[in-house]
Amino acid sequence: MASEKRVQADIRVTLGQLPHVLVQRRNVGTFYTANGRPIRIGHPGEPDLQGVIGEQKCPNCDHPIHPKPFGIEVKGAAGRLRIKQKMYRDHVAKRLGIIYIMAKSVETVLEELGLK
């Protein structure tokens with residue numbers, strides 16, 4: 001089984017090749033400047049990868065609709081969502097209509113985004 005880092009890289013490469021998908025890595029946490037000053041970036045529980053998928057069609061009339069945002073939390077083989085990640089999924093992503101995917105493979109991402 002591939003490592004979390006490898007799976008994340010494979011997902012970024014695969015999605016990055018699709019012209020209607022924008023994906024980016026999201027670093028979240030506390031980082032320190034050269035002089036030691038802490039800087040907090042993002043919100044606890046945010047997914048590793050975030051982006052939008054275009055070329056979406058209305059299921060009722062087949063007309064184009066706005067790009068749909070998504071978040072992908074990448075995990076290794078034995079990985080599970082932490083409490084803050086579950087809270088983000090349940091209280092942010094669902095409320096805002098963001099596609100939230102917990103992925104251990106590229107195939108899962110492609111299926112969840114309807115690309116397979």
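Predicted model: local features only at pLDDT ≥ 70, side-chain atom pairs only at ≥ 80, totals over all residues.

Is Glu-55 buried or exposed? Glu-55 counts as exposed, at 64% relative accessibility; here buried means under 20% relative accessible area, exposed means over 50%, and partly exposed lies in between, with a 1.4 Å probe and protein chains only. The residue lies in the loop between β4 and β5. Glu-55 and Val-21 are 34 residues apart in sequence, yet their C-alpha atoms are 8.8 Å apart in space.

Residues are numbered from 1 along each chain as its sequence is written, and side-chain values use heavy atoms, with hydrogens and water left out.

Let me turn to the overall architecture. The protein has three helices and six strands, where helices (H or I, at least four residues) and strands (E, at least two) are DSSP runs numbered from the N terminus. Along the sequence they follow the pattern α-β-β-β-β-β-α-β-α. The C-alpha atoms fill a box of roughly 55 × 30 × 25 Å, taken along the principal axes. Of the 116 residues in the protein, 32% are buried. Taking contacts with a separation of 6 or more, 55% are between residues 24 or more positions apart; a contact means heavy atoms within 4.5 Å.

Next, the sheet. In general, strands of a sheet pair through backbone hydrogen bonds, either parallel or antiparallel. In this model, four strands form an open sheet in the order β1-β4-β5-β6, with mixed pairing; two strands pair if DSSP finds at least two bridges between them. The edges are taken by β1 and β6 (99–103), each with a single partner strand, so one side of each has no neighbour in the sheet. From one strand to the next, the twist averages 20 degrees. Angles run from 0 to 180 degrees between N-to-C directions, and axes are lines fitted to C-alpha atoms, for helices over the stretch in contact.

Within this sheet, β4 and β5 (residues 68–74) pair in the antiparallel sense over five bridges. Val-52 stands opposite Pro-69 in β5. Helix α1 lies across β1, β4, β5 and β6, and runs at about 155 degrees to β5.

I come now to the charged side chains. How many salt bridges does the structure hold? There are six, a salt bridge being a side-chain nitrogen of Lys or Arg within 4 Å of a carboxyl oxygen of Asp or Glu.

One of them joins Arg-6 and Asp-10, at 2.9 Å from N to O. These two residues are four apart in helix α1 (residues 4–16), and are therefore separated by about one helical turn. Both side chains belong to partly exposed residues: Arg-6 has a relative accessible area of 44%, and Asp-10 has 28%.

A further salt bridge links Arg-26 and Glu-46, at 2.9 Å from N to O. Arg-26 lies in the loop between β1 (21–25) and β2 (29–32), and Glu-46 in the loop between β3 (38–41) and β4 (49–53), so the pair ties together parts that are 20 residues apart in sequence. Arg-26 is partly exposed, with a relative accessible area of 29%, whereas Glu-46 counts as buried at 10%.

Lys-75 and Glu-73 also meet in a salt bridge, at 3.8 Å from N to O, and both residues are buried.

The space in the largest pocket is about 210 Å³. A pocket is an open set of points on a 1 Å grid over the protein atoms alone, where a 1.4 Å probe fits, with protein on both sides within 12 Å along at least five of seven lines; lining residues have an atom within 4 Å of a point. Grid points are joined across faces, edges and corners, and the volume is the space filled by probe spheres set on the points. Of the 16 lining residues, the closest to the centre are Val-28, Glu-46, Asp-48, Arg-82 and Gln-85. The elements giving two or more residues to this lining are β2 and α2 (83–96).

Finally, Val-92 lies in helix α2 and is partly exposed, with a relative accessible area of 24%. Val-92 and Gly-45 are 47 residues apart in sequence and 9.9 Å apart in space, C-alpha to C-alpha. Thank you for your attention.
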